[in-house]
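Open the model in your viewer and keep the selection panel at hand. Each stop below says what to select and what to look for.

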Amino acid sequence: MVHVLLRRNWIGRLRLALTLFGLPYTVCTPGVKYVTDNNVTQSQLNATHVKARCSQYPGSDVRRFPVPDDKVNWSQSWAQYNPVRYTSLAVLKKPVWADPDISSFSPKFNTVDGAVDRTSFEGSYKEENGKPLNPHGRTGLSGRGLLGRWGPNHAADPIVTRWKVDERGTKIHHSVSKLPILQFVAIKRKDCGEWAIPGGMVDPGEQVSLTLQREFSEEALNSLAVQPSERAQIHERITKLFKSPGFQAFKGYVDDPRNTDNAWMETVAVNFHDDSGNSVSELPLQAGDDAGQVQWVDVDSSFPLYASHSSFLELVAKERKAHW
Ligand code: BGC
């Protein structure tokens, strides 16, 4: 625990120093990994914004107002705080996935508002001047940035795994940890070029279980582009796996680079494991929708991943007693 806090402080200070000197650190912040041990929950790890304070806001030239570690929490009064206001053009154009501007509608926060779930996994969040306040504190940017919803924006992350086997079907063990190696389906995101779990946003009114399956089909099996007959086959095969009781690795707030003071990401990450290797493992992977590439990747702590995805995989590896 002490080790974790020291490490986080160190990273926070380095990032703050870079911000104060006006040096950009990466938009998607590859390779920043969360160290977990059994006493530390993911939400404690996410307590201080790291990616959500990245100097340059993703997909823009906008720079966040620098927020030092000790001013992240809203409970620290800070009269000089002057966050940059930014909502991307794509969001302002009012696509179906985005809310209108706050002046032109009255969302019901902390509740399921029509089909839109505005509740947070973090419990009740506050409002200030009619706008929801990020429950994890200041980000240096107000408005919605790239996010469509005021308040929580809900995503779902399907972690599909199998064992790594040799040509005779025997599990391969890691030379150092001596533990069997898991593989998971990873996509290379088109937006930032980072490897990631093939997750996506929960549609209004959609059950998370359905989002998990839909996103996996669209991004890793390219179900949107295949013939209807083939699509039915894919659907049948993966429904079996996704109906199995998955292991919920994470549910909560995500320290995402797109977060703002008034809009933030939350996700549910669930592991579906093809233990025998003859279910989804046999389906040909094909990148689709937001994915540029797709492949089975060994689960290993050294592989850099998007947002908090590495920490989800660590929990899966521990649960399955696999190499990390
Ligand atoms: C991504 C998820 C990710 C979430 C939070 C979503 O846009 O599709 O994979 O976990 O954002 O970072």
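**Stop 1: the ligand shell**

Start at the ligand: the residues of its shell divide into six nonpolar, three polar and two charged. This is a predicted model. Select Ala-155, Asp-157, Ala-196, Ile-197, Gly-199, Gly-200, Val-254, Asp-256, Met-265, Thr-267 and Ala-307; these surround the ligand. Which elements give two or more residues to this shell? They are strand 7 (151-163) and strand 12 (263-274).

**Stop 2: the whole chain**

Zoom out and colour by secondary structure. The protein chain has six helices and 13 strands. Of its 324 residues, 39% count as buried. Now look at the contacts with a separation of 6 or more: residues 24 or more positions apart account for 73% of them.

Switch to colouring by pLDDT. The mean for the protein chain is 85, and 85% of the residues reach 70 or more. Then select residues 1-46, where the pLDDT is below 50. In the model this stretch still has 64 contacts beyond near neighbours in sequence.

**Stop 3**

Select strand 12. Twelve of its twelve residues are buried. Check both faces. Ala-263, Met-265, Thr-267, Ala-269, Asn-271 and His-273 point one way. Trp-264, Glu-266, Val-268, Val-270, Phe-272 and Asp-274 point the other way. Met-265 and Thr-267 also belong to the ligand's surroundings.

For a landmark, find Pro-158, which stands opposite Val-270 in strand 12.

Strand 11 pairs with strand 12 in the antiparallel sense, over seven bridges. Here Phe-247 stands opposite Asn-271.

**Stop 3: the largest nonpolar core**

The largest nonpolar core has 49 residues. Which of them touch the most other members? Select Ile-159, Phe-184, Ala-220, Ala-269 and Phe-312. Strand 12 gives the most, with seven residues.

Centre on Ala-220. Leaving aside neighbours within four places in sequence, Ala-220 is in contact with Val-185, Ile-187, Pro-198, Leu-285, Ala-291 and Val-294.

**Stop 4: helix 6**

An α-helix has 3.6 residues a turn, so residues three or four places apart point the same way. Step past the helix to Lys-321, which follows it and has a positive phi, near 50°.

**Stop 5: strand 6 and Gly-140**

Select strand 6 (141-145). Five of its five residues are buried. Strand 1 (residues 84-87) pairs with strand 6 in the parallel sense, over three bridges. Leu-141 is the bridge partner of Val-84.

Finish on Gly-140, in the loop between strand 5 (131-132) and strand 6. Last, draw the C-alpha to C-alpha distance from Gly-140 to Asn-82: they are 58 residues apart in sequence and 7.5 Å apart in space.

Terms used: Residues are numbered from 1 along each chain as its sequence is written. This is a predicted model: local features need pLDDT of at least 70, side-chain atom pairs count only at pLDDT 80 or more; totals for chains, interfaces and linings use all residues. A residue is near a molecule or strand if its C-beta atom, placed from the backbone, lies within 6 Å of it. Helices (H or I, at least four residues) and strands (E, at least two) are DSSP runs, numbered from the N terminus. Ala, Val, Leu, Ile, Met, Phe, Trp, Tyr, Cys and Pro count as nonpolar, Asp, Glu, Lys and Arg as charged, and the others, Gly among them, as polar. A residue is buried if 20 or more other C-beta atoms lie within 10 Å of its own, exposed if 12 or fewer, and partly exposed in between; C-beta atoms are placed from the backbone. Two residues are in contact if their C-beta atoms, placed from the backbone, lie within 7 Å. A nonpolar core is a set of buried Ala, Val, Leu, Ile, Met, Phe, Trp, Tyr and Cys residues joined through C-beta atoms within 7 Å. pLDDT is the predictor's confidence in each residue, from 0 to 100. Two strands pair if DSSP finds at least two bridges between them.
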